[in-house]
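Keep the viewer open as you read.

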Amino acid sequence: VAFAAKIGLLVFPESWMLHKLLIMGIVLSICSMLPIPPLDGINVFFAGRLLYMMSFLGILGTAILIYFTGILVSILGGILVMCVGTIMYYIWFERES
């Protein structure tokens, strides 16, 4: 939904409805990854903490970047945030001493 709204905003930059749709898509994608039982995030959370952090950071990085930048930058930046965040999480919390 957020990507479609961002493409629509490229065509119609003054549309407040597409702007609100973009914000709703971002909030929906982030909230669906919360580890609360009726949401999808609980299944990913119980699959593994590292997988949960990787997917949550990827969605969060893409969602933040799609609001401020273009589509291609947000996809590549989201992948970068996901990789760097997962490595940092592994080093700080998952690595055996």
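## A lysine tucked inside

A polar atom of the K6 side chain sits 3.1 Å from the backbone oxygen of T69, which is a polar contact (N or O atoms within 3.5 Å; within protein, one must be able to donate a hydrogen and the other to accept it, and residues adjacent in sequence count only if both atoms are side-chain atoms). This is a predicted model, where local features need pLDDT of at least 70, side-chain atom pairs count only at pLDDT 80 or more, and totals for chains, interfaces and linings use all residues. Residues are numbered from 1 along each chain as its sequence is written, and side-chain values use heavy atoms, with hydrogens and water left out.

You'll find K6 in helix α1, residues 2-11. Helices here are DSSP runs (H or I, at least four residues), as strands are (E, at least two), numbered from the N terminus. K6 is buried but has no salt bridge, and the nearest side chain of opposite charge, E14, is 13 Å away. Buried means under 20% relative accessible area, exposed over 50%, and partly exposed in between (1.4 Å probe, protein chains only). For charge, Lys and Arg count as positive, Asp and Glu as negative, while His and the chain ends are not counted. Leaving out residues up to four places away in sequence, K6 touches L22, I66, Y67, T69, G70 and I71; a contact means heavy atoms within 4.5 Å.

A search of the whole structure finds one salt bridge, the rule being a side-chain nitrogen of Lys or Arg within 4 Å of a carboxyl oxygen of Asp or Glu. Side chains of opposite charge can pair when their charged atoms come close.

## Two residues of helix α4

Y52 has its place in helix α4 and counts as buried because its relative accessibility is 8%. The Y52 side chain reaches the backbone oxygen of M33 at 2.8 Å. Beyond four places in sequence, Y52 touches M33, L34, P35, G41, V44 and F45. F3 is another matter: Y52 and F3 are 49 residues apart in sequence and 22 Å apart in space, C-alpha to C-alpha.

T62 also lies in helix α4. With a relative accessible area of 18%, T62 is buried too. T62 touches F3, S74 and G78, again not counting residues up to four places away in sequence.

## Cysteines

How many disulfides are there? The count comes to zero, using the rule of two cysteine sulfur atoms within 2.5 Å. C31 is partly exposed, at 36% relative accessibility, and C83 is partly exposed as well, at 39%.

## The whole chain

Stepping back, the chain has five helices and zero strands. The C-alpha atoms fill a box of roughly 55 × 30 × 15 Å along the principal axes. Of the 97 residues, 27% are buried. Among contacts with a separation of 6 or more, 48% come from residues 24 or more positions apart.

The chain exposes about 6600 Å², and carbon and sulfur atoms supply 77% of that; accessible areas come from the Shrake-Rupley method with a 1.4 Å probe, and for residues only the protein chains shown count as cover.
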